[in-house]
Amino acid sequence: MAYNILIMGAAYGSLLASKMLFGGHKIHHVCLPAEADLINAEGFRVRLPVKGRKDPVVLDSRKLPGKVTAGGAAGVNPADYDLVGLAMQEPQYRSPGVRELLDAVAKSRVPCMSIMNMPPLPYMRRIPGLNADSLKAAYTDPTVWDNFEPGKLTLCSPDPQAIRPPDEPANVLMVTLPTNFKVAKFDDEKDTAILRQLEQEIDAIRFDPGDGTKIELPVKLRVSDSLFVPLAKWAMLLAGNYRCVTPDGMRTAQEAVHSDIETSRTVYNFVNDLVVKLGANPNDLVPFEKYAAAAQSLSRPASAARALNNGAPNIERADKLVQLIAKQKGLSLPAIDAQVALVDQRLEANRKKAA
């Protein structure tokens, strides 16, 4: 079955879209006017490194079986779609137009999959024994999530790393770490069946890069019965991404992890232990050594650090979310508290400058 899929966001969202287009699906991106015009005129391109090949493979949306279109938030009816993907940064969902579309998505009861680092608040309501109301302080505007039915919203861990090359058009995405997306099932198996079909189609892709060979592509979609598998990303975010933020600037993720490997390990293992206390199977989580090895290739500061450096008044606060969850469980770690306080200070300084 070919699906109509709505993706809010067209940067990171184009990576997952590029894989779904192989199944012949119709994908509509909600994005800024300049991006939409470019995508409608030229499609988008995703550069994907493939093991054993010197040059990356280029996926051109115009040459794939599905169809991609793009436009603004106005005039979109979520009921026309079978699945909605959330691929913007969490603070963007309170923007005029986007906020109203998100609320329409919630009320439509169309199954919705987030690929944000920051799990939407309704997803936290799906985790047994957690008081989601006490986590609201971690969200830019928690009220945008009020009308979601938690079982209709799931989380897909955005493990692959990708950037828009700064010197190229806005419809080009370069994958820097081609790992898998890991998504938890919905409450309703009919909704989950959509994810399972996408998983099978992406597994079956064999791509001709232009030399007549058929190659398997990295970056799969893995559907899990566990709510906790997508939370494996949290330890990486707190040990790496947020520690890219420094008092007066930023550093690369590689430096954040490896300049003080013992603190990185302590933070990482604390967060993994917390996720296990919530109900995760330890075997579903990524060991620190594996993450530390991958971090050797992370030669850029994380997006949160770049946004802070560029003066953003709000960023995704997965760091604060984890801190608040730990507090609920009677736990804390000085290194995490210090990093959360540092990000708070940097944001406050940005807001004062913007005022």
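The protein chain has 12 helices and 16 strands. The model is predicted. A compact globule of 355 residues would have a radius of gyration near 20 Å, and the protein chain, at 19 Å, therefore agrees with that. Along the principal axes, the C-alpha atoms of the protein chain fill a box of roughly 55 × 45 × 45 Å.

Strand S1 (residues 4-8) and strand S2 (residues 26-30) run parallel and are joined by five bridges. Within this pair, Ile 7 stands opposite His 29 in S2.

**The four-stranded sheet**

Another open sheet is made of four strands in the order S4-S3-S10-S9, with mixed pairing. Strand S4 (57-60) and S9 are the edge strands, and each pairs on one side only. Here, neighbouring strands are turned by 25° against each other on average, direction ignored.

| Strand pair | Sense | Bridges | Opposite residues |
|---|---|---|---|
| S3 and S4 | antiparallel | four | Val 46 and Leu 59 |
| S3 and S10 | parallel | three | Arg 45 and Val 172 |
| S9 and S10 | antiparallel | three | Gln 161 and Leu 177 |

Strand S3 covers residues 45-48 and strand S10 covers residues 172-177. Strand S9 covers residues 161-163. S3 pairs with S10 in the parallel sense, whereas S3 and S4 run antiparallel. S10 in turn pairs with S9 in the antiparallel sense.

**A helix pair**

Two packed helices are described by the angle between their axes and the distance between the axes. Helix H6 (residues 233-241) and helix H11 (residues 318-328) pack at an angle of about 115°. Their axes are 10 Å apart. Angles of 65 to 115 degrees count as roughly perpendicular. H6 and H11 are therefore roughly perpendicular to each other. The crossing of H6 past H11 is left-handed.

Which residues meet where H6 and H11 touch? From H6 come Trp 234, Leu 237 and Leu 238. From H11 come Ala 318, Asp 319, Leu 321, Val 322 and Ile 325. By class, this contact has seven nonpolar residues, no polar residues and one charged residue.

How values were computed: Residues numbered from 1 in each chain as written. Predicted model: local features only at pLDDT ≥ 70, side-chain atom pairs only at ≥ 80, totals over all residues. Heavy atoms only, no water. Axes fitted to C-alpha atoms, helices over the stretch in contact; angles between N-to-C directions. Helix = DSSP H or I, 4+ residues; strand = E, 2+ residues; numbered from the N terminus. Parallel < 35°, antiparallel > 145°, perpendicular 65-115°, else oblique. Left-handed = near helix turned anticlockwise from the far one by under 90°. Contact = heavy atoms within 4.5 Å. Nonpolar A, V, L, I, M, F, W, Y, C, P; charged D, E, K, R; others polar. Pairing = 2+ DSSP bridges. Rg over C-alpha atoms; globule rule 2.2 N^0.38 Å.
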